[in-house]
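Student: I have a model open on my screen. Can you show me how to read its features?
Tutor: Gladly; let us look at it together.

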Amino acid sequence: MNGASRGTAAVAGIAAAVVGAGAGELVAALLAPSSSPFAVIGGALIDVAPAWAKDTAIAWFGTADKAALLVGIGIVLLAAAALAGLAEARRPRSGVIAFAVLGVGVGILALTRPDAGFSAWVPSVIAGVVAATALRLLMRVAPVRMQAGSTPAGRNPGVSADRDDDVPASVAAGTASEGPSRRRFLAWAGGTAAAGVLMAFAGGLARAGSTAVTAVREAIRLPRAASPAPAIPADAELGIPNLTPVITPNTAFYRIDTALVVPSVDPADWRLRIHGLVAQEVTLTWDELLALPLVERAVTLSCVSNTVGGDLVGNAVWLGYPIRELLKRAQPDPDADMVLSTSSDGFTAGTPLEVLTDDRDALLAIGMNGEPLPLEHGFPVRMVVPGLYGYVSATKWVTDLEVTRFDRATAYWTDRGWSAKGPIKLQSRIDVPRPRTPIPAGETMIAGVAWQPHSGVAGVEVQIDDGPWRAADLAAAISDDTWVQWRMLWDADAGDHTLRCRAIGSDGKPQTGDSAPPAPDGATGWHEVTVTVS
Ligand SMILES: Nc1nc2c(c(=O)[nH]1)N[C@H]1C(S)=C(S)[C@@H](COP(=O)(O)O)O[C@H]1N2
Ligand SMILES: [Mo]
């Protein structure tokens with residue numbers, strides 16, 4: 001025991017970890033953005049997490065699941081750092097070594113990540129070295145504990161240079177020393193932690209401001225579509241307050257992916273390789289893609305994790321090139337039935353070959369609502385396939401299409417227990433009134449959206465309490481590939497009421513009322529909203 005109190009040792013460990021983590025974030029921001037220690041640990045955890053843990057995370061935190069994960073990692077690391085401090089006080093160097101080993105370990109882990117560059121190990125190793133050094137230095141300024149009157153002769157506990165081994169254990173058994181040495185230690189520890197926070201902050205700024213790819217994206221002028229999107233019918237938008245707009249703005253579009261740090265892919269380096277069971281391998285560069293006759297289509301995208309009434313669904317106008325045209329060039333073998341798409345960060349999706357070659361507009365997309373794809377929505381190139389959940393079709397940052405077979409290849413989410421095939425199920429949602437909003441008696445508007453991309457929606461019905469199902473008014477649909485707004489006027493009488501909706505599919509059949517959870521192939525059931533009319 002070197003004589004520091006437990007509290008002091010824990011504080012030293014935490015301050016050392018904070019400055020190490022800050023250094024790691026800063027170096028990562030400057031050198032290897034996807035290799036920050038947090039991103040590496042988080043990314044590895046996301047990949048090894050059992051399916052139930054991920055499903056729970058998405059169900060609890062929705063699109064904030066990543067923030068929740070990072071906070072969780074932070075808490076665990078701080079606890080571990082406190083323990084490293086305690087270890088250091090008990091056995092000098094043990095905490096220091098623990099930090100160094102952790103840094104090297106995470107550095108090695110960094111090299112195994114799918115998007116790792118040569119220097120992926122550097123931020124974590126630097127983080128470990130900085131934390132280890134800081135712990136060693138802080139323990140030197142840590143006040144020793146002593147029994148009353150037993151100050152070792154000739155030494156001031158606050159300023160001794162190195163007393164790792166020379167303070168007798170009995171000295172350590174007393175109360176922590178108060179006064180200047182303690183204050184001095186706290187000042188050092190506080191300063192160390194503050195330096196860490198500042199470095200992390202600077203790293204965040206560097207990342208946000210300097211990512212070269214952001215600048216490249218901003219300079220891009222998208223080509224005009226050879227085949228523009230059909231005009232949006234004037235009566236597609238009902239204009240009801242609080243009703244989801246028919247086109248989802250990019251900033252409001254849900255985001256779901258396994259990427260803790262948004263991949264930065266420079267279009268100049270982007271290549272798409274089409275290979276596997278094909279007669280002709282095809283590679284495509286960004287410039288070649290832009291020179292092709294592009295089409296623009298509105299397509300509604302939904303996440304399979306969307307619960308009944310949930311908001312993991314959005315509708316955008318995508319600009320891209322039909323994947324079927326590229327596959328035509330590659331000439332798939334007759335026995336192929338799947339295309340395994342891979343992203344720059346190692347995510348994979350398995351899409352039925354048939355869906356990518358039929359007459360629907362499955363796109364290799366570069367534009368979203370008139371802009372280049374936002375970075376978090378797959379810049380520079382992603383897939384968008386009308387009618388399929390994102391996990392089997394909508395690969396962002398896509399770089400590779402392997403033509404293969406369902407009995408030969410599996411993809412990211414199918415390896416975690418989700419269905420290999422994922423057609424989007426018929427769904428509808430009540431947006432207005434919001435649950436539990438007080439409503440005055442009399443005429444009130446009920447409104448929402450309904451979707452089954454690629455099949456289309458033939459109608460929507462609404463049920464109040466246990467009354468009859470009544471047809472709602474359907475707005476004009478942009479196309480069968482998009483959702484459609486609906487509304488119904490309701491003469492509300494005082495009391496508590498349950499509102500329910502169900503869509504009618506293109507085959508005339510109503511949406512099933514059987515409740516099923518999202519796993520393994522999409523939720524079913526009727527959306528219900530309870531309101532109080534007064
Ligand atoms: N590279 C990559 N692409 C991905 C994913 C991913 O984790 N990584 N998630 C998929 C899932 S599950 C969905 S629902 C859609 C979501 O697309 P969005 O974030 O643009 O809404 O992206 C798909 N494409
Ligand atoms: Mo998803």
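Tutor: We will go through domains, an interface, a ligand, backbone geometry and salt bridges.

Tutor: This is a predicted model, so local features need pLDDT of at least 70, side-chain atom pairs count only at pLDDT 80 or more, and totals for chains, interfaces and linings use all residues. Residues are numbered from 1 along each chain as its sequence is written, chains are lettered from A and ligands numbered from 1 in the order in which they are written, and side-chain values use heavy atoms, with hydrogens and water left out.

Student: Into which domains is the chain divided?

Tutor: Domain bounds come from an automatic or database domain assignment. Here there is domain 1 (6-151 + 161-209), domain 2 (239-416) and domain 3 (427-533). The C-alpha centres of domain 2 and domain 3 lie 29 Å apart. Their contact (heavy atoms within 4.5 Å) takes 30 residues from domain 2 and 28 residues from domain 3.

Student: What area is buried between domain 2 and domain 3?

Tutor: The size of an interface is often given as the accessible area lost when the parts come together. The count uses a 1.4 Å probe and is summed over both parts. For domain 2 and domain 3 the buried area is about 2300 Å², with 64% from carbon and sulfur atoms.

Student: Which elements give two or more residues to the side of domain 2 that touches domain 3?

Tutor: They are β5 (295-302) and β6 (313-322). Strands are DSSP runs of E, at least two residues, numbered from the N terminus. The largest share, 4 residues, comes from β5. By class, this side of domain 2 has 14 nonpolar, 14 polar and 2 charged residues. Ala, Val, Leu, Ile, Met, Phe, Trp, Tyr, Cys and Pro count as nonpolar, Asp, Glu, Lys and Arg as charged, and the others, Gly among them, as polar.

Student: Which residues come nearest to ligand 1?

Tutor: Near means a heavy atom within 4 Å. Of the 19 residues around ligand 1, Y254, T258, H377, R382 and K396 come nearest. A polar side-chain atom of H377 lies 2.6 Å from an oxygen atom of ligand 1. A polar backbone atom of T258 is 2.9 Å from a ligand oxygen.

Student: How do I read the backbone angles?

Tutor: Most residues other than glycine have a negative phi, and most peptide bonds are trans. N369 has a positive phi of about 50 degrees, although it is not a glycine. N369 sits in the loop between β9 (363-368) and β10 (371-372). The peptide bond from V432 to P433 is cis, with omega near -5 degrees. The bond from A519 to P520 is also cis, with omega near 5 degrees.

Student: How many salt bridges does a search of the whole structure find?

Tutor: Side chains of opposite charge can pair when their charged atoms come close. The rule asks for a side-chain nitrogen of Lys or Arg within 4 Å of a carboxyl oxygen of Asp or Glu. The whole structure has 19 salt bridges. Across the interface of domain 2 and domain 3, the rule finds 0. One of the 19 joins K425 to D521, with the closest N and O atoms 2.9 Å apart. K425 is in the loop between β12 (398-404) and β13, and D521 is in the loop between β20 and β21, 96 residues apart.

Conventions:
Buried area is the accessible area (1.4 Å probe) that two parts lose on being put together, summed over both. A polar contact is a pair of N or O atoms within 3.5 Å; within protein, one must be able to donate a hydrogen and the other to accept it, and residues adjacent in sequence count only if both atoms are side-chain atoms.
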